[in-house]
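I am opening a notebook on a structure that is new to me. I will look up a few things and write down what I find.

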Amino acid sequence: MSLGKLYSQLGDVVLPAAVPYSQVSSWELRFLYLLGRSRLTGEGQLIELGSGGGGSTYALALGLSENPGFDRSGGRLHAYDFFRVGKGTFASPKFFKGGAAPQDSDSFLGDFRDKLAPFIDFIEVHPGDIWQTSDENDRSPIEFLHVDIAKTARVWRCVAERFLPRLEPGSLVLHQDFAGPRLPWLHYSTGALLPYIEIAGPPIRSTLAFEVVRPIPAKVLTALAEDSFGTHEKLRLISAVQEVVDRDHTGGIPFGSVLELAKAYAVHYEGDHRRAWRIAEPLKSDDYLSATRADHFEQLERALTKTGPDTRRPRQPRRSLLRRLAGRLGRRS
């Protein structure tokens, strides 16, 4: 079944109350369930990067458990996460059973295992820093890759180095943070992959889903892993995505504006804060961004303020050759 055909079934899915708390929307959870039930087989690696408290893992595993084509005795769903709260983890205390971390621990791994107990026989958990828990020598093909972990450029590099090269025609990819302007690597990398993928349809809220339909050249994968794109190329690639991704499937998220703000962050991370603000400032009039990304604008404006005023003398326009000659003749006379 094609990914696009799953959209028509989203409204019919009723997930059980047992689904753990998740920062992923109910629409995205339903889509994960449908993928597990109708599309995935487990013949290739099934990988979730950023399992959090287990909501998305549960929805996907529930679908797999109801899929007659999935062999739970041999198939494995790999769940990667820090499985703890604290600086740099981007995890919520709500991932704990009681909604708050106990005084003697910052790890919710035990809670995760308890919540996923009905499916833990086919879930392989990889707790810790992904650079340590992923295998740099693993070349096994990936059937499904759910990316909800690339909150920093450092982590994204690991994803690009160790997981993207294992994609092949037929592989399915979900970028859960596609509505996050602070993560422009998700956007320009997608632009670089456009010739080799087929986007399923409008994003499911913040999640962009696509299928690899052509082999990805080694030079493209190397550029992604090394992040060797210049600023101009990054902006061009994000523009290419803007041409094919509009609003999300509910009509609530204007991805044209979101991606434009992502361009500002691509420039911001390169240290050109003036140019970043020139891109971002007009977007303050966008209703969605002004309501949901006010802190983004504040961050970019603060960076501009720290840069200080541009003290360079304005460049004087050059007089034309005819005017200079006329001036000389006038002085001689």
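**Ground rules**

I am working with a predicted model, where local features need pLDDT of at least 70, side-chain atom pairs count only at pLDDT 80 or more, and totals for chains, interfaces and linings use all residues. Residues are numbered from 1 along each chain as its sequence is written, and side-chain values use heavy atoms, with hydrogens and water left out.

**The whole chain**

Helices (H or I, at least four residues) and strands (E, at least two) are DSSP runs, numbered from the N terminus. The C-alpha trace spans about 100 × 50 × 40 Å along its principal axes.

Next came burial. Of the 333 residues, 50% count as buried. Buried means under 20% relative accessible area, exposed over 50%, and partly exposed in between (1.4 Å probe, protein chains only).

I then checked contacts, meaning heavy atoms within 4.5 Å. Among those between residues at least 6 apart in sequence, 73% join residues at least 24 apart.

**Helix H2**

I turned to H2, residues 55–65. Is it enclosed or open? The buried ones include Gly-55, Tyr-58 and Leu-64.

What covers the buried residues of H2? I noted helix H1 (26–38) and helix H3 (109–115) among the cover. Strands S1 (45–49), S2 (77–81), S3 (123–127) and S4 (142–147) are also included.

**Strand S4**

S4 was my next stop. Six of its six residues are buried, so S4 too is largely enclosed by the rest of the structure.

Which strands pair with S4? Two strands pair if DSSP finds at least two bridges between them. Five bridges join S1 to S4, and the two run parallel. S4 and S5 also pair in the parallel sense, over four bridges.

I followed Phe-144 in S4. Leu-46 has Phe-144 as its bridge partner, and Phe-144 stands opposite Leu-172 in S5.

S4, helix H5 (residues 153–162) and S5 make a right-handed β-α-β unit. Right-handed means that, with the strands pointing away from the viewer, the path from the first strand over the helix to the second runs clockwise.

**Aromatic rings**

I searched the whole structure and got 14 aromatic pairs. Rings of Phe, Tyr and Trp (its six-membered ring) pair if their centres lie within 6.5 Å; planes under 30 degrees apart count as stacked, over 60 as edge-to-face and the rest as tilted.

The rings of Phe-178 and Phe-255 have centres 6.2 Å apart and planes at 35°, so I logged the pair as tilted. Phe-178 lies in the loop between strand S5 (172–175) and helix H6 (184–193), and Phe-255 in helix H9 (residues 255–269), so the pair ties together parts that are 77 residues apart in sequence. Both Phe-178 and Phe-255 are buried.

Tyr-265 and Tyr-269 form another tilted pair, 5.7 Å centre to centre with 55° between the planes. Both lie in H9, four residues apart, about one turn of the helix. Tyr-265 is buried, at 0% relative accessible area, while Tyr-269 is partly exposed, at 42%.

Last, I noted a cluster: ring pairs link Tyr-21, Phe-83, Phe-95, Phe-96, Phe-108 and Phe-112.
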